[in-house]
Amino acid sequence: MDHHYLFSMIETIGLLAILWVVTILYSFLAFILQLLLLKGCSTDIIISLQHITQSIMFIFSMITVWRTNWVYSHYLVVGLVLCVIFFKMHSYTVSNLSLIHICRCRRYAVCRSRWSPYH
């Protein structure tokens, strides 16, 4: 077996492990952002932070895959994992903003928030 091929395989497996760990740790950011949102942090700050981190993660992952000269199926898998995390974070945010709005409407009997699910 060619040593260059073996070292290339080991490097690729290491890179896959690093990407997987980073992606899993990144998915916990959704939980942290939702805790901040429920604690009363500004919704504009939370949404901005969410979109900034998602953009950084997409760019980082795609550049990493591109630099390794993997085949297109690798792009697809990494992109799909990131899309799942993106949709999870988006769903959490929309659901929690709706719940916060409903609680505030019950408390104040006013529904004027831009996050109202009834607009």
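Predicted model: local features only at pLDDT ≥ 70, side-chain atom pairs only at ≥ 80, totals over all residues.
Residues are numbered from 1 along each chain as its sequence is written, and side-chain values use heavy atoms, with hydrogens and water left out.

## Overall fold

The chain contains three helices and zero strands, where helices (H or I, at least four residues) and strands (E, at least two) are DSSP runs numbered from the N terminus. Read from the N terminus on, the order of elements is α-α-α. Of the 119 residues, 28% count as buried; here buried means under 20% relative accessible area, exposed means over 50%, and partly exposed lies in between, with a 1.4 Å probe and protein chains only. The chain exposes about 8700 Å², of which carbon and sulfur atoms supply 71%; these areas come from the Shrake-Rupley method with a 1.4 Å probe, and for residues only the protein chains shown count as cover. Among contacts in the chain with a separation of 6 or more, 66% join residues 24 or more positions apart, a contact being heavy atoms within 4.5 Å.

## Helices α1 and α2

The end C-alpha atoms of α1 are 54 Å apart, which agrees with the 52 Å that its 36 residues should span at 1.5 Å a residue. For α2, with 25 residues, the distance from the first C-alpha to the last is 36 Å, close to the 36 Å expected at 1.5 Å a residue. In both cases the expected span is 1.5 Å times one less than the number of residues in the helix.

The buried residues of α1 are L15, L19, T23, Y26, S27, L29, A30, L33, Q34 and L37, and those of α2 are I46, I47, Q50, T53, Q54, M57, S61, T64 and V65. An α-helix has 3.6 residues a turn, so residues three or four places apart point the same way. Just after α1, G40 takes a positive phi of about 105°, and α2 is followed by N69, whose phi is also positive, near 60°.

## The nonpolar core

A nonpolar core is a set of buried Ala, Val, Leu, Ile, Met, Phe, Trp, Tyr and Cys residues joined through side-chain atoms within 4.5 Å. The largest one has 18 residues, and the members that touch the most other members are Y26, L29, L33, L37, V65, W70 and M89. At least two residues of this core come from each of α1 (3-38), α2 (43-67) and α3 (72-108), with α1 giving the largest share, seven residues.

Contacts of L29, not counting residues up to four places away in sequence, are with T53 and M89. T53 lies in helix α2 and, under the same exclusion, touches Y26 as well as L29. Q50 also lies in helix α2, and beyond four places in sequence Q50 touches Y26, L33, M89, H90 and T93.

## Individual residues compared

| Residue | Relative accessible area | Class |
|---|---|---|
| Q50 | 3% | buried |
| T53 | 18% | buried |
| L36 | 37% | partly exposed |
| S95 | 37% | partly exposed |

L36 has its place in helix α1, and, leaving aside neighbours within four places in sequence, L36 is in contact with C41 and I46. The C-alpha atoms of L36 and I46, which are 10 residues apart along the chain, are separated by 7.7 Å. S95 lies in helix α3; S95 and Q34 are 61 residues apart in sequence and 9.9 Å apart in space, C-alpha to C-alpha.

## The cavity

A cavity is a set of points, on a 1 Å grid over the protein atoms alone, where a 1.4 Å probe fits but cannot get out, and lining residues have an atom within 4 Å of a point. Grid points are joined across faces, edges and corners, and a volume is the space filled by probe spheres set on the points.

By this rule there is one cavity of 30 Å³ or more, and the largest cavity has a volume of about 30 Å³. Its lining consists of Y26, Q54, M57, F58, L82, I85 and F86, with α2 and α3 each supplying at least two of the lining residues. Y26, which takes part in this lining, is also among the core residues that touch the most other members.

Key
1 Å grid on protein atoms, 1.4 Å probe; cavity = no way out; pocket = protein on both sides within 12 Å on 5 of 7 lines; lining within 4 Å.
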